Amino acid sequence: MLETLIRVPPDPILGVTAALQKDESTDKVDLGVGVYKDDSGKTPIPRAVKRAEQEMLAAQTTKTYLSPIGNPDFNTQMAALTLGSDLVNRKGDLSLAQAPGGSGALRLGAELLLAARPGSSIHVSDPTWANHVPLLGNAGLRLETYPYYDAARNTLVFDRMIEHFDALPAGSVVLLHACCHNPTGQDLDGAQWSAVAEVLARRRLMPFIDMAYHGLGEDLDRDAASIRLIAKAVPELLVAVSCSKNFGIYRERTGMLAVLSAGSEPASVVTGQLSRLARSLWSMPPDHGAAIVDRVLSQPELRQDWMTELHHMANRINSLRSLLADRLSEATQRDFGWIKAQRGMFSRLPLSAEQVINAREALHIYMAPDGRINVAGVSSANVDYLTTGLASVMRG
Ligand code: LMR
């Protein structure tokens with residue numbers, strides 16, 4: 001029976017890591033998968049996370065099951081961190097479910113939307129994170145795109161995005177990136193988010209917000225402002241949250257889905273549905289990462305230390321943006337100043353698919369096939385090699 005399966009191409013993002021691991025060149029530069037790196041190229045475990053993990057292991061007396069929606073203390077802490085205390089005070093209207101990473105939360109959200117309205121479609125930004133397509137599409141949602149980014153001018157196409165939303169029928173689902181847009185790094189400003197909130201409310205659209213890089217754009221409050229603004233404007237909302245990058249616990253698969261309903265009665269129905277859906281997908285989410293995050297957030301000293309380190313990570317990425325933009329502009333005699341204005345780990349370089357392959361094969365510079373780079377992969381040691389190399393690829 002298994003002989004009927006066809007060979008699939010490598011994942012566009014994870015395939016970059018697989019190719020990089022096989023490359024033995026000492027020059028290789030990893031600008032692929034979205035993980036934070038320090039100047040030595042390592043992906044660190046934040047101090048507070050390491051300490052919380054040790055304390056948690058020492059204190060833990062059982063590993064018996066929790067429930068399909070996970071650790072309630074973790075869920076409440078994460079809801080407060082992401083949605084803000086105003087919204088968490090509307091506890092009755094909120095349903096929370098721990099999930100295996102932000103990806104698990106996205107999948108759970110997709111399943112919930114389909115349970116509510118079979119045959120639903122979801123409108124995603126053009127472009128969007130490559131894995132949104134199989135993650136949401138394989139759940140059964142039909143994917144459609146809305147205009148988002150002009151790659152020739154490195155700007156948002158905001159008016160066209162709003163026009164698209166304005167023409168959607170009530171009940172249409174719209175996927176938004178809360179901050180640190182993946183793959184472009186191009187975020188909306190405050191006035192643009194207000195305009196989005198207004199059209200979502202007026203057209204009675206259903207926002208589904210992906211928050212995968214909280215704290216890595218500007219800071220925890222400014223990065224979450226989009227979610228808090230939209231939550232005030234609309235009666236219903238889904239938010240998929242990832243702890244992978246900001247807590248540095250990638251492979252622990254820790255995330256949460258928050259669902260805001262129009263009242264406590266529908267919210268209790270949603271909670272029951274989330275529990276049923278999670279049970280059918282993975283039965284229970286993995287506990288380890290959530291127990292660590294709960295401890296970091298609930299102990300003031302650990303929380304403060306984590307926030308300090310997170311702030312340092314965001315500042316480092318933003319200073320790498322300046323360094324890269326200046327050096328690339330110098331090396332190419334073209335303007336890369338737009339990289340400085342973008343946020344989070346990613347920007348998309350103006351390279352053809354062929355130039356991306358040339359960079360990999362001739363120079364051992366690895367990035368996603370669409371030219372997306374992880375800015376955190378730039379370092380003081382590789383910036384010269386990288387920018388002169390990219391300039392030669394762009395000329396070629
Ligand atoms: C990325 O976009 O590189 C990250 O979100 C990691 C992943 O799973 O794709």
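Let's start at Met345, which sits in the loop between helix 13 (338-341) and strand 11 (346-348). Keep in mind that this is a predicted model. Is Met345 buried or exposed? Its relative accessible area is 1%, and buried means under 20%, so Met345 is buried.

What surrounds Met345, once its neighbours within four places in sequence are left aside? Its contacts come from several stretches of the chain: Gly34, Val35 and Tyr36 are among them, and so are Tyr213, Leu216 and Lys245. Ile317 and Arg321 touch Met345 as well, along with Ile373, Asn374, Val375 and Ala376. Take Tyr213 as an example: along the chain it is 132 residues from Met345, yet the two C-alpha atoms are separated by 8.3 Å.

That kind of link shows up across the chain. Among contacts between residues at least 6 apart in sequence, 75% join residues at least 24 apart.

Now for the aromatic rings, where the count comes to five pairs. One of them is Phe247 with Trp306, a stacked pair with 4.2 Å from centre to centre and 5 degrees between the planes. This pair also ties together distant parts of the chain: Phe247 belongs to the loop between strand 9 (237-242) and strand 10 (255-260), while Trp306 belongs to helix 12 (residues 300-332), 59 residues away. Both Phe247 and Trp306 are buried.

How are the rings of Phe336 and Trp338 arranged? Their centres lie 5.8 Å apart and their planes meet at 40 degrees, so this pair counts as tilted. Phe336 is buried, with a relative accessible area of 1%, and Trp338 is buried too, at 13%. Elsewhere, Tyr146, Tyr148 and Phe165 make up one aromatic cluster.

Time to step back and look at the whole chain. Its secondary structure comes to 15 helices and 13 strands. The radius of gyration is 21 Å, close to the 21 Å that the globule rule gives for 396 residues, so the chain is as compact as a globular protein of that length. Along its principal axes, the C-alpha trace spans about 60 × 55 × 55 Å.

How much of the chain is tucked away as buried? Of its 396 residues, 55% count as buried.

Notes:
Residues are numbered from 1 along each chain as its sequence is written. This is a predicted model: local features need pLDDT of at least 70, side-chain atom pairs count only at pLDDT 80 or more; totals for chains, interfaces and linings use all residues. Side-chain values use heavy atoms; hydrogens and water are left out. Helices (H or I, at least four residues) and strands (E, at least two) are DSSP runs, numbered from the N terminus. The radius of gyration is taken over C-alpha atoms; the globule rule is 2.2 Å times the number of residues to the power 0.38. Buried means under 20% relative accessible area, exposed over 50%, partly exposed in between (1.4 Å probe, protein chains only). Contact means heavy atoms within 4.5 Å. Rings of Phe, Tyr and Trp (its six-membered ring) pair if their centres lie within 6.5 Å; planes under 30 degrees apart count as stacked, over 60 as edge-to-face and the rest as tilted.
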